[in-house]
Amino acid sequence: MNWWTSSLTDGNKGASWKAMNIQIFGTKKCQDTKKAERYFKERKIPFQFIDLTIRGLSKGELDRVRAAVGGLENLIDKNGKEYAKRNLKYLVHNVEEVLLEHPLLLRTPIVRNGAKATVGYCPEVWGSWL
């Protein structure tokens, strides 16, 4: 899905166009995910919601998000129920493999716009994408 916007410059009908392809990865129960959805709905920006209880990130998606947010450690939710449930605090594990196998370990929401991505509720960053 693309969202096209035009901007007005100096009162003239300008020719500045941007395409946005927003994906929100999260769960329906997550409050920050709900806030992210509301942020884009209020601005009439279409987005694709991916429910992590149904489908996780592919290896390619995880690699692109990792590059955008500065590493896997920024993606894993060490304070979440799933992390405690799986006793990962006490186990040596490959973070990438665990995140691919158990997407509920991801911090949410993950919001992607092409090569750009954020983790958590980041309206100031999303505003810079407009």
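Hi everyone. Before we start, please keep in mind that what you see above is a predicted model.

Let's begin with the sheet. Four strands make it up, and they stand in the order S4-S3-S5-S6. The sheet is open, and its pairing is mixed. Which strands stand at the edges? They are S4, residues 47–51, and S6, residues 116–119. Each has a single partner strand, so one side of each is left without a neighbour in the sheet. On average, neighbouring strands here are turned by 15° against each other, ignoring direction.

What does "mixed" look like in practice? Take S3, residues 22–26, and its neighbour S4: these two run parallel, joined by five bridges. If you want to find one of the bridges on screen, look for glycine 26, whose partner in S4 is aspartate 51.

Now go to S5 and S6. Here the pairing is antiparallel, over four bridges.

Let me zoom in on one residue of H1, alanine 36. Is alanine 36 buried or exposed? Its relative accessibility is 0%, so alanine 36 counts as buried. And what does alanine 36 touch, once we leave out residues up to four places away in sequence? The answer is Ile24, Pro109, Val111, Tyr121 and Trp126. I like the proline in that list: alanine 36 and proline 109 are 73 residues apart in sequence, yet their C-alpha atoms are 7.3 Å apart in space.

Finally, the charged side chains. How many salt bridges does the structure hold? There are nine. Let me show you three of them.

One joins arginine 66 and glutamate 96, with 3.9 Å between the closest N and O atoms. Arginine 66 lies in H2 and glutamate 96 in helix H4, residues 95–101, so this pair ties together parts that are 30 residues apart in sequence. Arginine 66 is partly exposed at 25% relative accessible area, while glutamate 96 is buried at 17%. Both also belong to a network of salt bridges that links Lys59, Asp63, Arg66 and Glu96.

Another joins glutamate 82 to arginine 86, with the closest N and O atoms 2.9 Å apart. Glutamate 82 counts as buried at 15% relative accessibility, and arginine 86 is partly exposed at 30%.

My last one links two sequence neighbours, glutamate 42 and arginine 43, at 3.6 Å between the closest N and O atoms. Here glutamate 42 is exposed, with a relative accessible area of 54%, and arginine 43 is partly exposed at 36%.

Methods. Residues are numbered from 1 along each chain as its sequence is written. This is a predicted model: local features need pLDDT of at least 70, side-chain atom pairs count only at pLDDT 80 or more; totals for chains, interfaces and linings use all residues. Side-chain values use heavy atoms; hydrogens and water are left out. Two strands pair if DSSP finds at least two bridges between them. Axes are lines fitted to C-alpha atoms, for helices over the stretch in contact, and angles run from 0 to 180 degrees between N-to-C directions. Buried means under 20% relative accessible area, exposed over 50%, partly exposed in between (1.4 Å probe, protein chains only). Contact means heavy atoms within 4.5 Å. A salt bridge is a side-chain nitrogen of Lys or Arg within 4 Å of a carboxyl oxygen of Asp or Glu.
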